Amino acid sequence: VKSIAVLTSGGDSQGMNAGVRAVVRSALFHGLEVYAVQRGYYGLIHDDIRKMDLRSVGDIIQRGGTILQTARCKEFLTEEGRKIAVDNLHRRGIDGLVVIGGDGSYQGANKLSQLGIKTMGLPGTIDNDIPFTDFTIGFDTAVTIVVDAINKLRDTMTSHERSSIVEVMGRHCGDIALYAGLASGAEAILVPEVPYNIDDIASRMKENFMNGKRHSIIIVAEGVGRGEDISRQITERNGIEPRVTVLGHIQRGGTPTHNDRVLASRLGDFAVRQLIAGESGKACGIINGELVATPIDQVVAAKKPFNMEMYDLAMRLSQ
Ligand code: ADP
């Protein structure tokens, strides 16, 4: 490759900017031309593409969101749309593309690589739902935000002897709930990957209350259902009325943690080096601390395995 582009797509996440910065600076370091596409695949189709230099990515490593913005683009789901995108890249002599995004963005990247564009995917989502990487860019910051919120809830709950239900993001993946739950000593962690029994949870809460435990925290991953519904079911069974907090999009904002910045920087540079080595149609990730590139079709066909050992540990420690 001689000339590459970078875009961010789908839901944004903290650390995407650090990834963009790494792709741009690594590409320039290796003597490539580098372009940025605004608004993901939408910008690719509408030719919203600009040339980048070292200074274009200054002062962004610490910023949440993405300076390239992101979009959900229906036109890109059609063959005609993707052909326009490829033509726009060819016209500028761009032969490589780094896509920072989630599962849907990976599907799009895969199709572009089948059309001859050398493509690399970087896992940009707070959900940690991408297989073949231990962590996605943004996950660490999202969990940090949830843990910080639970610390605050704990203070006021302990004063008032109350129980709390905290609804967190993650779509069909329970990792935000799992990590935040273990890190904050939650009594129950409801995730889509593990069936739960509301009768057991309600009776354990009652028992703990009788034994002197005056507050409890239950974390509900959005893929399980709404916190309000879980709260009602608990009240019906044991008379305790847990207060519900829905953290929502706060989890996707704010300055990225050092973990997310380091991860995004390493992955961004790795993606560029993979393209230079002639690789295409791969998703970059980190497994046991090692950078890895896995064929995107394998990644989109797989489901992220759930860490049952960590879940059991969280339950053992929260007695
Ligand atoms: P995320 O990447 O966060 O999962 P989306 O699922 O919304 O977000 O995907 C982002 C964009 O990727 C979509 O708006 C669409 O343009 C493109 N995309 C998603 N799925 C496909 C697909 N199967 N084929 C081609 N492009 C896709």
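Let's start with Gly-104, which is partly exposed because 18 other C-beta atoms lie within 10 Å. For the cut-offs: a residue is buried with 20 or more other C-beta atoms within 10 Å of its own, exposed with 12 or fewer, and partly exposed in between, the C-beta atoms being placed from the backbone.

Before going on, a word on what we are looking at. This is a predicted model, where local features need pLDDT of at least 70, side-chain atom pairs count only at pLDDT 80 or more, and totals for chains, interfaces and linings use all residues. Residues are numbered from 1 along each chain as its sequence is written. The protein averages a pLDDT of 97, and 100% of the residues score at least 70; pLDDT is the predictor's confidence in each residue, from 0 to 100. For the complex, the predictor gives an ipTM of 0.97 and a pTM of 0.97.

Gly-104 lies in helix α4, and so does Asp-103, with the helix covering residues 103-114. Helices here are DSSP runs (H or I, at least four residues), strands likewise (E, at least two), numbered from the N terminus.

Is Asp-103 buried or exposed? Asp-103 counts as buried, because 21 C-beta neighbours fall inside 10 Å. Ser-105, also in α4, is buried too, with 27 such neighbours inside 10 Å.

What do they touch? Leaving aside neighbours within four places in sequence, Asp-103 is in contact with Asp-129, Ile-130 and Val-300. Contact means C-beta atoms, placed from the backbone, within 7 Å.

Now the ligand. It is surrounded by 17 residues, and the closest are Gly-10, Gly-102, Gly-104, Ser-105 and Gly-108. A residue is near a molecule or strand if its C-beta atom, placed from the backbone, lies within 6 Å of it. Helix α4 gives the largest share of that shell, six residues.

How does this sit with the record? An unreviewed UniProt entry lists "binding site" at Gly-11, Arg-72, Cys-73, Gly-102, Asp-103, Gly-104 and Ser-105. Although spread over 95 residues of sequence, these cluster in space, with a largest C-alpha distance of 14.0 Å. UniProt positions are in the numbering used here, feature names are shortened, and annotations may be inferred rather than shown by experiment.

Technical notes: Two residues are in contact if their C-beta atoms, placed from the backbone, lie within 7 Å.
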